[in-house]
Amino acid sequence: MGNTLSNLVQTKVRPGLYQQYIAGAKSSWMEANARGVEYRGGKYVLMHELEVQGLGDYDRNLGFPRGNITGSKKQYELKQDRGREFLIDAADNDETGFLVNAASVMAEFQRAHVIPEIDCYRYSQIYGLMSAGEYAANVKDDAISKAKITQMLCEDIAAVRDEMGMDVPLTITMSGLTQQLLGREFIHNLDYAEFTAGALHTKVRAVDGDPIIVVPSARLKTAYDFYDGVTDGQEAGGFKAASSAKDIKWLITPVTAPIAIAKIDNMRAFDPTEYQQAHAWKVDYRVFHDLWMLPDGQRCTVIRTGDFTD
């Protein structure tokens with residue numbers, strides 16, 4: 001019964017949760033960059049790294065200068081291993097009713113907690129990797145005035161373009177408050193671009209074809225505290241912005257820069273005859289996730305954290 005019920009949750013509930021996650025997470029587009037990353041279950045992934053040498057002079061007698069190719073697989077850990085279990089009272093005592101309730105509970109759990117947390121972790125992780133790395137100068141903390149915000153945004157876009165060229169599309173992630181400060185005239189003069197995240201295709205505002213992804217400002221902080229769900233004062237779990245956190249006004253990244261992975265683990269379910277701690281149905285949810293940026297991605301990324309001024 002337990003295996004059968006878990007299989008029903010896996011086949012009927014989990015696919016819908018994944019679709020909800022892709023549609024709701026503002027950072028789900030980053031997962032397209034994980035193609036070629038090997039996931040073999042658990043909390044580890046393997047990434048392929050390749051490096052080749054540059055051009056040399058051709059010699060008419062000796063021919064081509066020989067170049068070296070360095071290839072390797074490197075193991076990375078999904079540092080975020082998060083989960084919860086939920087009990088549904090045995091009054092919902094048939095499997096169809098249980099599936100409806102389990103789907104509703106998990107959908108609300110994802111909407112209110114999982115999706116915002118993954119977004120917050122990813123954006124703050126990008127900030128952390130940038131600010132503590134070789135390209136910390138790309139994190140700019142100058143005051144942003146309404147009179148100069150458009151100019152500053154365009155300068156940052158130009159800086160990224162100068163570094164990486166025109167071939168790779170950019171993604172401009174900014175808070176709703178920042179977009180509002182840009183002013184109606186600027187926003188209305190923008191074009192539209194099609195933006196793809198998984199199987200979801202939408203049209204968004206764009207600067208020279210580069211999409212602007214508007215994210216709630218609460219998800220764009222430089223640091224968060226993530227609660228373990230068991231320590232005194234942390235029983236409710238979840239997260240909150242760290243006391244030292246700054247607001248991220250925008251991130252300008254090549255689409256290929258952030259490499260994100262999120263894996264919803266196999267969901268298990270037990271009926272009231274199997275679950276011994278209460279007369280209830282029990283379902284659990286576990287997700288492994290993390291984000292990385294390789295050096296080239298950091299080199300071509302710009303972040304603004306300065307305060308707004310009059």
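Modeller: Let us start with Lys 249, which lies over the face of Phe 308 at 4.8 Å from the ring centre.

Biologist: What makes a charge sit over a ring?

Modeller: The NZ of Lys or the CZ of Arg has to be within 6 Å of the ring centre and within 35 degrees of the ring normal. The 4.8 Å of Lys 249 from the ring centre of Phe 308 meets the distance part. Please keep in mind that this is a predicted model, in which local features need pLDDT of at least 70 and side-chain atom pairs count only at pLDDT 80 or more, while totals for chains, interfaces and linings use all residues. Residues are numbered from 1 along each chain as its sequence is written, and side-chain values use heavy atoms, with hydrogens and water left out.

Biologist: How many aromatic pairs does a search of the whole structure find, and what is the pair of Tyr 224 and Phe 239 called, and why?

Modeller: The search finds nine aromatic pairs. Rings of Phe, Tyr and Trp (its six-membered ring) pair if their centres lie within 6.5 Å, and planes under 30 degrees apart count as stacked, over 60 as edge-to-face and the rest as tilted. The centres of Tyr 224 and Phe 239 are 5.8 Å apart and their planes stand at 75 degrees, so this pair is edge-to-face. Tyr 224 belongs to strand 11 (residues 224-226) and Phe 239 to strand 12 (residues 239-241), so the pair links parts of the chain 15 residues apart.

Biologist: Is Tyr 224 buried or exposed?

Modeller: Tyr 224 has a relative accessible area of 9%, so it is buried, whereas Phe 239, with 24%, is partly exposed.

Biologist: What is the pair of Phe 226 and Phe 239 called, and why?

Modeller: The ring centres of Phe 226 and Phe 239 are 6.0 Å apart with their planes at 35 degrees, so the pair is tilted. With Phe 226 in strand 11 and Phe 239 in strand 12, the pair ties together parts that are 13 residues apart in sequence. Phe 226 has 25% relative accessibility and therefore counts as partly exposed. Ring pairs link Tyr 121, Tyr 224, Phe 226 and Phe 239 into a cluster.

Biologist: Which residues does Ser 124 touch, not counting those up to four places away in sequence?

Modeller: Ser 124 has its place in helix 2 and touches Lys 221, Thr 222, Ala 223 and Tyr 224, where contact means heavy atoms within 4.5 Å. Its relative accessibility is 9%, so Ser 124 counts as buried.

Biologist: What makes a nonpolar core, and how many residues has the largest one?

Modeller: Such a core is a set of buried Ala, Val, Leu, Ile, Met, Phe, Trp, Tyr and Cys residues joined through side-chain atoms within 4.5 Å. The largest has 24 residues, and among those with the most contacts inside it are Val 9, Phe 98 and Met 267. Helix 1 (2-24), helix 2 (95-131), strand 14 (258-264) and strand 16 (280-293) each supply at least two residues, and helix 2 gives the most, with eight. Apart from this core lies another of 21 residues, including Ile 172 and Phe 186.

Biologist: How do you know that the span of helix 3 agrees with its 16 residues?

Modeller: The expected span of a helix is 1.5 Å times one less than its number of residues. For helix 3 (residues 149-164) this should be 22 Å, and its end C-alpha atoms are 23 Å apart, which agrees. Among the buried residues of helix 3 are Ile 149, Leu 153 and Val 160, and the helix is followed by Gly 165, whose phi is positive, near 85 degrees.

Biologist: Where is Asn 61, in a helix or in a loop, and is Asn 61 buried or exposed?

Modeller: Asn 61 is in the loop between strand 2 (44-52) and strand 3 (69-77), and its 75% relative accessibility is why Asn 61 counts as exposed. Arg 66 is found in the loop between strand 2 and strand 3 as well, and at 80% Arg 66 counts as exposed.

Key. Helices (H or I, at least four residues) and strands (E, at least two) are DSSP runs, numbered from the N terminus. Buried means under 20% relative accessible area, exposed over 50%, partly exposed in between (1.4 Å probe, protein chains only).
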